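This briefing sets out the computed features of the model shown below, grouped by topic.

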There are 2 protein chains.
Amino acid sequence: MNELDATDRAILRALSRDATRPAADLGRELGLSQPATWRRIRRLREIGALTGRRLDLDAAALGFGVTVFLGVKLASRGRASLEDFERAVCAIREVQTVEHVLGLYDYRLRIVARDLEDFERVLRRRIMTLPGIGPVEANVLLSEERLPGPL
Amino acid sequence: MNELDATDRAILRALSRDATRPAADLGRELGLSQPATWRRIRRLREIGALTGRRLDLDAAALGFGVTVFLGVKLASRGRASLEDFERAVCAIREVQTVEHVLGLYDYRLRIVARDLEDFERVLRRRIMTLPGIGPVEANVLLSEERLPGPL
DNA sequence: AATGAAACTACTGCCGG
DNA sequence: CCGGCAGTAGTTTCATT
């Protein structure tokens, strides 16, 4: 179905670090012409491996100095609980990511705030009032490193 | 220092969803000319708010059907422990993200594997043998939603 | 900040292996 | 089926007003 050779993986690795690199530049590095490189990129999009290109933002530079990961366990386990919770949590502006997970917690949230005082406000007024919310565990982000991954 | 008006935030919001959108297209939506829009984008880069553009990859389409979040507590708390651990964990190919956090855990790892069997291999042979590793908690990713955030 | 020109990049057919 | 060549369309980038 989808067979990726070493060249495809090299393209994904390079573009993962910097998605602005032109196909011609990339092709020189791989011994390919610009159209050949670009066709491979289009093919990676078509098979769904490459779903888009997004910005890499610096939350601190934007005035959001605090990033917190929240592990959330639901109190009520009904079928409607999940959808109610997801709809409500997605409406909170400070929530960047909502991950539905299996394990000790039901959801993992990535939340940003201007500072710890601001985070406490979000926690008390937005998070703790979510429908069906149970035990919560918090981890404050100190530093983060993104790696190339297994490509 | 960094004063972002509503237009800057609108640009970041739009590019966060799709970083390939041309400045001219974006300017029409905001009532700005193409160069004006482009200057704002350059300024956002210069003040460090916009640090780059990265790919949005679909791990499942690349043959990695399992994504697991690992909360890790270190056993030894010495100053060298952190660096040793970080260096070793960053060398594991299956590790996508390493987050140093404050809370119940010391590190949060995002790990991908081909399937659960493959994940068990990574866990036993790579993760559990990390220097200074202590208690570990795992959460398997079911689904994930990225939101615009507080911009 | 807009206009227009220049350079560059993305994309499309066509042909050869 | 995949890659190179050549040409077109579209975007970025910069100079001028």
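**Briefing on the predicted model**

In residues 4-65 of chain A, the end C-alpha atoms are 40 Å apart, and the span is 53% helix and 13% strand; helices (H or I, at least four residues) and strands (E, at least two) are DSSP runs, numbered from the N terminus. The UniProt annotation "domain: HTH asnC-type", from an unreviewed entry, covers this span; UniProt positions are given in the numbering used here, feature names are shortened, and annotations may be inferred rather than shown by experiment. The model is predicted: local features need pLDDT of at least 70, side-chain atom pairs count only at pLDDT 80 or more, and totals for chains, interfaces and linings use all residues. Residues are numbered from 1 along each chain as its sequence is written, chains are lettered from A and ligands numbered from 1 in the order in which they are written, and side-chain values use heavy atoms, with hydrogens and water left out.

**Fold and overall shape of chain A**

- Five helices and five strands make up the elements of chain A, in the order α-α-α-β-β-α-β-β-α-β from the N terminus.
- Chain A is more spread out than a compact globule, because its radius of gyration is 20 Å, well over the 15 Å that the globule rule gives for 151 residues; the radius is taken over C-alpha atoms, and the rule is 2.2 Å times the number of residues to the power 0.38.
- Along the principal axes, the C-alpha atoms of chain A fill a box of roughly 55 × 35 × 25 Å.

- Of the 151 residues in chain A, 43% are buried (under 20% relative accessible area, with a 1.4 Å probe and protein chains only).
- Among contacts (heavy atoms within 4.5 Å) with a separation of 6 or more in chain A, 64% join residues 24 or more positions apart.
- Chain A exposes about 8100 Å², of which carbon and sulfur atoms supply 49%; the areas come from the Shrake-Rupley method with a 1.4 Å probe, and for residues only the protein chains shown count as cover.

- Asp8(A) lies in helix H1 (residues 6-17) of chain A and is buried, at a relative accessible area of 2%.
- Beyond residues up to four places away in sequence, Asp8(A) touches Glu3(A), Arg40(A), Arg43(A) and Leu44(A).
- Ala23(B) belongs to helix H2 (residues 23-30) of chain B and counts as buried at 13% relative accessibility.
- With residues up to four places away not counted, Ala23(B) touches Gln34(B), Thr37(B), Trp38(B) and Ile41(B).

Key:
Buried means under 20% relative accessible area, exposed over 50%, partly exposed in between (1.4 Å probe, protein chains only).
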